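Thanks for coming, everyone. I'll keep this short. Please look at the sequence and the model as they come up.

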Amino acid sequence: MYSYEPDTQIFSRRAMILGVGQLGLFGLLAARLQYLQVTQADQYGILAENNRVNIGLIAPLRGRILDRYGQEIATNRPNFQVVMIPEQTKDPIETLRVLEKLVPISPSRRKRLLRDIPRSRGFVPFTVAENLEWEQFAAINLNLPHLPGVEPQVGKLRYYPQDDIFSHMVGYVGRPDGRDLRRDDPLLKVPGFRIGKSGVEKQFDDKLRGSAGSRRVEVNNVGRVIRELARNPGIQGADLTMSMDSALQNEAISLLGEQSGSVVMMDVNSGEVLTIASAPTFNPNQFTVGLSQKEWDGLLDDQRKPLINKAIAGQYAPGSTVKMLIAIAGLEEKVITPEEKIVCEGQYELGGDTFHCWEHEGHGPMNMHDAITNSCDVYFYELARRLGIDPIERVAKKFGLGRPSIPGAFGEKKGLIPGRDWKRANLDAAWQTGETLIAGIGQGYMLVTPIQLAVMTARLANGGKAVTPQLLMNPQNASNTNDDLVSVDANGAENNDIQVDPAHLKLMHKAMTSVVNDPDGTAFGSRFNLSGVASAGKTGTVQVRRISKDERESGIIPNEELDWHLRDHALFIGFAPVKNPKYSVAVVVEHGGSGSKVAAPIAQKLLKMALERDRQPLKIKTASGAKFNKTKKNTAGTA
């Protein structure tokens, strides 16, 4: 009979091994589950929550920039834009074709969209067009049923309502570039966020940008947004109230017209800058939305350099506008008296070299008052020779020349007041007497900026107080939010005296008054009398080319017959009223020709306007929101 016993024994061993193995596997699985669900529960719970909820930054609303009367210089306006979510549209190319009939899409942007959309994850939105007009935005909304995957949105965009009037000083904003993005600031990586790129926008960017907000959204397993859970809009940036007056600034730009130059007007006591204009200018709104290559090339190729702020970065020989400083140096050093007369015969001889006066026939005997009134060069050649360069250098620096005027300013040039040490260090040569004579009429190595000329004039007008420019309102007159943004000591004028004899300054006041109001004065043609209130000033005409002996003998070529870049620079400095001065002004017109014919009329019109506005009720001072006239031709005269 056959026995089954051995097979039964083999089956029992296999069953036992399988059972033990299964128990071991279940044990490991249970241990793993216990580890994940109990021991590591907190950690994986956080990870799961992070996968479910995304937190993103929200760009804060940028602070506004206002003029001294509260008129907006820079603000934010709705940015009507349209985005497309590729996965929600059947045919992105067809959708773009339909959109092009409703909103402008440049060929380059269309090309970029067609390149990037197929490479992206389908739920990622693409900005198709922004900065749309309301009519365009409304058209998109009306046609939404026929535009699957298209979503209209409203954001905020920096906007400069006065276009190009303040562009150089206020600056503009732009997208963070490579250098910015390397900074450890996540806000800079938020799409659409913009930072200050130049001017006040850049200098006070940290205050203007505010604090970022945040947005918590629930997403699915592929990152698609399901719903918004919470939103913190952040803190809007602080508003800045600048010292400038929109109406005066607009008038300055208008008076410069198509010319290349700059105008600076400031309060001689507080230092508040009312006007700081540079021309030609540019529209910062174009920078916000992006310039075309053609527009950018046009700005770069313009020989009048519209991108340069000539008020603080233009450096020019001051010409005759510094003759009051030479006179003060002569009085302080006691090398001349106000009454002493020096005879001008049209030229001055020194060591075989001839130095010419602008009046070829000569002015005859000139005392200090008459020499300033008539701007006699020979008088100041002789005075400079007696002085030497050292006192000239010392007095020029006292009045703010040769150093930056605005602490921490953006792109300001410091000019140059030359001296023995400077020449030895930079040219490895000793100072020459002939160079002192040239410095005596504000030419040679000497370079100043228009804002330095305005500061110099303010210190002449205010009795020698070391006033310095302020671009923001005095804290006493501004909102508290600006207290920590004032760039200079508001009481600087009262606390710093430049130690010039008041009697000497009084002599300069009288001479500068004659320049404008005496029939012999070089700016007599631009005088005004506003109910008994007059102004004072000094003209300057600066050569930018060397006149040869042959040309001088045959007749100097008039400016009008020279190429633009060879013509003289036209300058004027002035203040008003003559009694109790309040405003100083400096005007430089590049290659404008005569200072008396071109620069002086601009300065006088602006001074008169400032005085007239002082007599108006405050509510009338505030400029209207109407479009400013940017194309008004200069009516100041010709060279």
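This is a predicted model: local features need pLDDT of at least 70, side-chain atom pairs count only at pLDDT 80 or more; totals for chains, interfaces and linings use all residues.

Now the chain. It has 639 residues, and 49% of them count as buried. Secondary structure next. The protein chain holds 25 helices and 19 strands.

How about contacts? Residues 24 or more positions apart account for 73% of them.

On to confidence. The average pLDDT is 85. A score of at least 70 is reached by 87% of the residues. Where does pLDDT fall below 50? One such stretch is residues 477-496. In the model, that stretch has 38 contacts beyond near neighbours in sequence. Residues 620-639 also stay under 50. For residues 620-639, the model has 52 contacts beyond four places in sequence.

Last stop, the surface. Which residues form a nonpolar patch there? F26, L29 and L33 do. Together they have about 320 Å² of accessible area. Let's take L33 from that patch. L33 sits in helix α1, which covers residues 5-39. Is L33 buried, exposed or partly exposed? Its relative accessible area is 40%, so L33 counts as partly exposed. The reasoning is simple: buried means under 20% and exposed means over 50%, so 40% falls in between. The patch cut-off is over 30%, so L33 passes that too.

That's my part. Questions, please.

Technical notes: Residues are numbered from 1 along each chain as its sequence is written. Side-chain values use heavy atoms; hydrogens and water are left out. Patches are made of residues with over 30% relative accessible area and no salt bridge: like charges are joined within 9 Å, nonpolar side chains (Val, Leu, Ile, Met, Phe, Trp, Tyr) within 5 Å. Accessible areas come from the Shrake-Rupley method with a 1.4 Å probe; for residues, only the protein chains shown count as cover. A salt bridge is a side-chain nitrogen of Lys or Arg within 4 Å of a carboxyl oxygen of Asp or Glu. Helices (H or I, at least four residues) and strands (E, at least two) are DSSP runs, numbered from the N terminus. Buried means under 20% relative accessible area, exposed over 50%, partly exposed in between (1.4 Å probe, protein chains only). Contact means heavy atoms within 4.5 Å. pLDDT is the predictor's confidence in each residue, from 0 to 100.
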